[in-house]
Amino acid sequence: MTPPTRRETETGTAAQLPEMVEVSTPEGQRLVAQLTDEAERHSRKLLQVRDLSTYFFTPGGVVHAVDEVSFDLDYGETLGLVGESGCGKSVTALSIARLVAQPPGRIVDGEVIFDGIDLLELSGEEMRLLRGRKIGFIFQDPMTSLNPTLRVGHQISESARTHLGLSRQAAAARAVDLLGMVGIPRPRERLGDYPHQFSGGMRQRVMIAIALACQPMLLIADEPTTALDVTVQAQIMELLRSLTQEFRTAVILITHDLGLAAGMCQRVSVMYAGRIVETGLVDDIFERPRMPYTRALLDSRPRLDVEPGGRLRTIEGFPPDLVDPEPVCRFAARCPHRRDVCDQREPLMTPRPSHGQGHAARCWGTEPGGWIP
Amino acid sequence: MPVLGGVERLASRPAGPRRDALRRLSRNRLAVVGAVVVVVLLVIAAVGPALAPWPYFVQDLDAIRANGNRPLAPLSAEHVLGTDSLGRDLFSRLLDGAQISVSVALVVQLVVLVIGVPIGAAAGWFGGRIDNYLMRFTDVIYAFPDLLFIILLSVVLRDTFLGKAMSGMLLIYLAIGLTAWVTMARLVRGQVLSLKESEFVEAARATGVSDFRIVVRHILPNSIGPVIVAVTLGIPSAILAEATLSFIGIGIEAPRASWGSLINEGSRWIRSEPHLVVFPALALAIALTSFTFLGDGLRDALDPKLRGRQ
Amino acid sequence: MTDGRAGEVPLVEADGLEVHFPILSGILQRQRGSVRAVDGVTLSIERGETVGLVGESGCGKSTLGRALIRLREATGGTVRFDGRDLRALSPVELRRLRRRMQIIFQDPYGSLDPRMTVGAIVAEPIETHRLASGRAKAERVRELLRLVGLDPGFTARYPHEFSGGQRQRIGVARALAVEPEFIVCDEPISALDVSIQGQVLNLLIDLRRELRLTYLFIAHDLAAVRHISDRVGVMYLGTLVEIGRSSLVYASPAHPYTRALLSAVPVADPAIERQRRRVILVGDVPSPADPPPGCRFHTRCWLYERLGRPEDCRTVEPELRAVGDGQRAACHYAEIAQKSDVGVVEPASA
């Protein structure tokens, strides 16, 4: 029930140089190397996505599902990737973990630097080892990611055995710990149960246990509570929040629910039609969005914190076809602030430093000297 | 008096579910090949005897005698595929066999539809006790060995009118059909059961549409896809069943020929005259695979999960 | 919003309504127990009013909605529509009455027959009740499509060619075809994308005004329910635990479950989210085949724990009783719950 606090990314230097160490000795060399490594870690990001583009090659044409998406993620940070269905947020996550079905999908361009390694350069085998060990996944429907024919205990310990090399007994003990940690009552007895014997919320807890079994550095949660009731959603989000804080796990939370993002994330990136259209600290995004789509998304739904009455300000029309999109603003056709330039050239993601640290938006109208206040 | 300002946009491509399915089918090369062969087979069955160089029962005794009382080999002067040991033209007999096979296919599937669809639909629609009784009955039929049933039936009824009608073929058709409807009944029951619960049926009930109209307008049209697939895929088994029966000597009566009975007769000469087995077997194989390709293609094309996709 | 004359009977009235589904097992299909989907609900809906119904999945809200228009057979209690006992009607009388009550479904994909054109779908109710034929029917179909904001030229199209929001509009047009007075809206927006939800909500509100409709609006989205409803009912395990004017229920909920539900809804404002006091309910909803004794909510109730587990919560089933101006709640300690600050989001003045 603790309110989420803004996490610090700096934890102070973990290892201090002992008073007198001869740098020329092997011990000294090792220490220096270790310190350099630490320092490097602090200066760099956990994840740097640069110009990531994933297209789907269909009989109807090339669908630009993810188009030149770039963002960073600090160690231990929670980033919300927000947008409506078909905006490319899930495909972005799948591309990072290289789980896009190929064909018809293909990552056509970009870099995904994870903890200093370019994931797009890894072999399939190296990538497989990294998933589960360093990147955990939670999907919307736990039933599709759990194997219905295997006992839950086996599915949890499997990951610990493959990635951490634990013995059978040690892995089983770890599975009990994990089930207890995600709040499943009588974990020892439930190890032998099959997924269908759990309720939807409990299944999602099992998925979280599996995802966190190896204490990954990054957890990708793709609409983790969309299939659940609100009270269960609140349980799961609380659990995710406390566990990721405890393990200092960075999270990419993919959701269509701005409310969820508001409560969970330090930063939010809004996606529309395959592109990131706005990114910034959570308060800046919600208080003074610099992209009309973000504003419209916030206004289009009734909210508990706003007195009801009057018509909802909806977004008319549809997102554009992503088969070979025109080089114009992709939101222009639905935008109440559209001007000629929006239909002529596509705006770039430009920094909006006056609106918050790291704030950037893709909109002609809110550029300096623009017409949107 | 439109209450909304914005009229929503729509893709300009017009297409019904049927046209959609056809388009998907035409993209599947194997299915198209299957469909072409099936059409050719149907045409042969319809007009085949007219194309045949010889009537299927005529014995070219002179040719045989000239060959030392042995079957003629393929590519002989007057017989493209040679003759059997009695001097009957193999090509003509194959064409006659095509007619038998196609009629088996059609009549058996007709029997299957006439029995299987009403039973399955009734079980699914009424549910409860009716469903329970009908399905236990189909279970019994399903559990009974098909071949044994058919053999028993044809032995018992051999000398009756039914056994003699259409050179013994009618009895075979009925016997095969009587064992094959079970799968159809189960399929239709499942379809009806799930459609009965669908929201569009509920919507129809909510507007006061009568049960009869719901079945005729909503349930049956939506079950047709899987039924078509089952019929197409049931045809090869029916052809194969007839061939098996003819091969073991039940069913078709000489001098008419089916591909199964041709293989049976030819098998006696298999060492010296392999063509007597090879050609009918080839015809059988081509027919079976074509129907299967077409059936698989139809299944993919009609799959509701793919409906509406590009 | 009630525009009916005083003293007139409510349009829809349920009294002690029960819908129990038998649990059958074995080859002989013996009844082993029953799922009490709706277990004694009393509710009335006035003409022109919109009553919202919220609750978690499996609480029986959809079953209740269907039982109110006899799309599910009730197993106990009564339902009256405009004063007439629905359960006593013959099939023919019922079919005639269906003109006056309709339903809009959740799933915009499953609720339209994929083999029928949009024109045929919207025309079916007109044909069933012989409201028009020939050219008049075609004109009426086009008028209905215009009414829900669709291009009237779409009649020859098939449902799969439309987006989710457009299909939902087709479903609305079908429901309106018989000129009903009462419409059960069963989760009509929950399957739609965020930006489309608002469009459909606006449409329903416009139609209500234009055609003087009465709605039962079922949803799990508490904010949407507040937006559209005059009164709101909260269901838990087959029973109504609280009902009252929306403004009251949302501002001073009197049932601990209502408060827990409200507190679980995320709000799109990081500042509010940071300082909210959340009640996280423990465990899952118990099975409706075997509801807990006493108050059904006591196994997950935060107030029960806070009050030191009073015995009457475990033994006595609380009645739905008045706790405020037309507000009723089924909790022994409703007054205490009402004073708590749990769960309520203070709306910023717009």
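## Exercises on a predicted model: chains A and C

**Exercise 1. Find a salt bridge between chain C and chain A.**

Solution. 
- Step 1. Start with one pair: the side chains of Asp221(C) and Arg301(A) form a salt bridge, at 3.2 Å from N to O.
- Step 2. Check the rule. The nitrogen of Lys or Arg must lie within 4 Å of a carboxyl oxygen of Asp or Glu. The pair stands at 3.2 Å. This model is predicted, and side-chain atom pairs count only at pLDDT 80 or more.
- Step 3. Take the whole interface. The rule finds 3 salt bridges across chain C and chain A.
- Step 4. Between chain C and chain A, 16 residue pairs are in polar contact.

**Exercise 2. Describe the side of chain C that touches chain A.**

Solution. 
- Step 1. Count residues in contact: 46 from chain C and 48 from chain A.
- Step 2. Take the area. The two chains bury about 4100 Å² between them, with 57% of it on carbon and sulfur atoms.
- Step 3. Name the top contributors. Val194(C), Ala268(C) and Arg274(C) supply 15% of the area that chain C buries against chain A, more than any other three residues.
- Step 4. Return to the polar contacts, 16 residue pairs between chain C and chain A. Then list the elements of chain C that give two or more residues to this side: α6 (194–211), α7 (222–228), α9 (256–264) and α10 (270–275).
- Step 5. Pick the main one. α6(C) gives the most, with 9 residues.
- Step 6. Sort by class. This side of chain C has 24 nonpolar, 10 polar and 12 charged residues.

**Exercise 3. Is helix α12 of chain A mostly covered or mostly open, and what packs against its buried residues?**

Solution. 
- Step 1. Name the buried residues: Pro292(A), Tyr293(A), Thr294(A), Ala296(A), Leu297(A), Leu298(A) and Asp299(A).
- Step 2. Find the partners. Within chain A they are β3 (78–82), α10 (258–264), β9 (267–272), β10 (275–281) and α11 (282–287).
- Step 3. Look across the interface. α6 of chain C packs here too.

Note on methods: Residues are numbered from 1 along each chain as its sequence is written. Chains are lettered from A and ligands numbered from 1 in the order in which they are written. This is a predicted model: local features need pLDDT of at least 70, side-chain atom pairs count only at pLDDT 80 or more; totals for chains, interfaces and linings use all residues. Side-chain values use heavy atoms; hydrogens and water are left out. Contact means heavy atoms within 4.5 Å. Buried area is the accessible area (1.4 Å probe) that two parts lose on being put together, summed over both. A polar contact is a pair of N or O atoms within 3.5 Å; within protein, one must be able to donate a hydrogen and the other to accept it, and residues adjacent in sequence count only if both atoms are side-chain atoms. Helices (H or I, at least four residues) and strands (E, at least two) are DSSP runs, numbered from the N terminus. Ala, Val, Leu, Ile, Met, Phe, Trp, Tyr, Cys and Pro count as nonpolar, Asp, Glu, Lys and Arg as charged, and the others, Gly among them, as polar. Buried means under 20% relative accessible area, exposed over 50%, partly exposed in between (1.4 Å probe, protein chains only).
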